[in-house]
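Let's take a walk through this model together, one piece at a time. Keep the structure open beside the text and look up each residue as we get to it.

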Amino acid sequence: MKLHEKILTHFLSCTSPVDKEGYLYKKKERNATYHRRWFVLKANLLFYQERPADRHLLGVIVLEGCTVQMLDSDGFFPFALQFGSGLKTYRFAAGDAQTQGRWVKALFLASHCYLSNLVRDLGRQYEEAKQQQDSTNSCSSFKSLSSPTNSLLVPALLPLSLVREGRSFSASDALPPPSMPTKMAAKKSPKKWPRRNAHVTPLNGPAPLYGEWPLVGSDPLVEFSKLHDFYGQEVQKAREEWLRSRQTEREQREKALIDLG
Amino acid sequence: MRFNEKELVCLSRQPSEMAAELGMRGPKKGDVVKRRLVKLVVNFLFYFRTDEEEPIGALLLEQCRVEREDSQTFSIAFLDEAERKYLFECDSEEQCKEWIDSIIKASYEFMRKNLIFYRMEIHRLTGKDPLEQYGISDETRFQVNSGSHFMARDTSSL
């Protein structure tokens, strides 16, 4: 299979963030010797070369479908990336425990899968937080939403000192598939919900996929401020509607007063 | 450059919501349209000959520009080379839109920006950092200014 290398090397050298870099020892599969290499972790890709200044890349490891294993050894700080059965295990060693711990953590968090689950979870928390704010603003009397959702992302990493017995971590283990909290919507009285626009993100669903984001295809950075404004507008509209309804109520009440003057 | 080919082929076999037979044309002059099974898995676009199990190739969907070419065709340009585009012919306008949207959202960088947005907003609305409970608030990859290159370089360890 052809991996279009130029695309990868371009990605490596472009301005998107480097998530971690540094020297590590990498075990050569054939002769079981360790060689010092310069590693650069970017998104879900682990690049390696001989030295930081080198233009020539030795290789890249795509970090999907692997577990990160912290291994224990005296005076030696190994760890491994293990892909499934029949697939490779990459072995590394750091110079000290702190470096070892940091790399293990960084690699664990690196997968697209992990980030995707995290974004979905935060998206849900965001919608809940907005709802809470809306309900506070409109002074509704219904109960606030049930206690915060149990985090769907079990804290996957124990304090590193507890982790030294060959434990392995897999992003897929740590993140149980998010369940749709559809029951939450049922708790609120439908009358008190602002009328929902078909194009607005469903409040209790996972991060919207195709067709649900109000803005598609534009520059992501611009998109976020637009998204923010978009949702802000909705809150603003709800507020105005409520103020208007209060005003009408007040006027009606005043009309009903008998003029004794 | 070495890469974990077997593992990547394995990844290409994972289930995907976006997998379809499309007309695909390479970026070089003289490349013609060929029917390929195109499959989006994480931030990679794999393409297969329609009856084969192993993909012909894998395209990393980062730093690329996805554009609508006409009602049923979209293109992906890499390496800031606007003229060198891969073209994909879909069967309908809707399918074309769906692919463009999915590819944009599959990018790791797009997702990272989403994450930072949510993190900041949740903090603004609730006063809490949502990443604290997972013990990952200090990770460089989730920082707001993660474009900065003033990162700790672990040269001291070895």
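Start with a pair of side chains that reach from one chain to the other: Asp19(A) and Arg112(B) form a salt bridge, with 2.8 Å from N to O. Bear in mind that this is a predicted model. In total, three salt bridges are counted between chain B and chain A.

Which parts of chain B make up the side that touches chain A? The elements giving two or more residues are strand E1 (2-3), helix H1 (5-12), strand E4 (44-48), strand E5 (57-60), H2, helix H3 (108-126) and strand E9 (153-154), each of chain B. H3(B) supplies the largest share of that side, with 16 residues. Sorted by class, the side of chain B that touches chain A holds 36 nonpolar, 14 polar and 23 charged residues.

Now step back and take in the whole interface. Here 73 residues of chain B are in contact with 82 residues of chain A. The size of an interface is often given as the accessible area lost when the parts come together. For chain B and chain A, about 7300 Å² is buried between them, and 65% of that lies on carbon and sulfur atoms.

The two chains also share strand pairings. Strands of a sheet pair through backbone hydrogen bonds, either parallel or antiparallel. E1(A) and E5(B) run parallel and are joined by two bridges. Look for Leu3(A) here, whose bridge partner in E5(B) is Ala58(B). There is another pairing to find between the chains: strand E5 (residues 59-62) of chain A runs parallel to E1(B), again with two bridges. In this one, Val60(A) is opposite Phe3(B) of E1(B).

Next, find helix H1 (residues 5-13) of chain A. Its buried residues are Ile7(A), Leu8(A), His10(A), Phe11(A) and Leu12(A). What do the buried residues of H1(A) pack against? Within chain A they pack against strand E1 (2-3), strand E3 (34-42), strand E4 (45-49) and E5, and in chain B against E5 and H3.

Let's stay with chain A for a bit. This chain has six helices and nine strands, and buried residues account for 44% of its 261 residues. Of the contacts in chain A between residues at least 6 apart in sequence, 50% join residues at least 24 apart.

One strand to pick out is E7 (residues 77-82) of chain A, which is mostly covered, with five of its six residues buried. On one hand, E7(A) pairs with strand E6 (residues 67-70) of chain A, running antiparallel and joined by four bridges. There, Thr67(A) has Gln82(A) in E7(A) as its bridge partner. The hairpin of E6(A) and E7(A) has six residues between the strands, and Gly75(A) takes a positive phi near 70° in it.

On the other hand, E7(A) also runs antiparallel to strand E8 (residues 89-94) of chain A, this time with six bridges. Phe79(A) is opposite Phe92(A) of E8(A). In the hairpin of E7(A) and E8(A), six residues sit between the strands, and Gly86(A) has a positive phi near 85°.

We'll finish with two residues of chain B. Arg141(B) lies in the loop between H3 and E9 of chain B. Is Arg141(B) buried or exposed? Its relative accessible area is 4%, so Arg141(B) counts as buried. The side chain of Arg141(B) also makes a polar contact with the side chain of Tyr108(B), at 2.4 Å.

The other residue is Ile104(B), in helix H2 (residues 93-106) of chain B. Ile104(B) has a relative accessibility of 17%, so it counts as buried. Now look for Cys64(B): it is 40 residues from Ile104(B) along the chain, and the C-alpha atoms of the two are separated by 8.8 Å.

Definitions and conventions:
Residues numbered from 1 in each chain as written. Chains lettered and ligands numbered in written order. Predicted model: local features only at pLDDT ≥ 70, side-chain atom pairs only at ≥ 80, totals over all residues. Heavy atoms only, no water. Buried < 20%, exposed > 50% of the residue type's maximum accessible area, 1.4 Å probe, protein only. Pairing = 2+ DSSP bridges. Contact = heavy atoms within 4.5 Å. Buried area = accessible area lost by both parts, 1.4 Å probe. Salt bridge = Lys/Arg side-chain N within 4 Å of Asp/Glu carboxyl O. Nonpolar A, V, L, I, M, F, W, Y, C, P; charged D, E, K, R; others polar. Polar contact = N/O pair within 3.5 Å; in protein donor to acceptor, adjacent residues only side chain to side chain.
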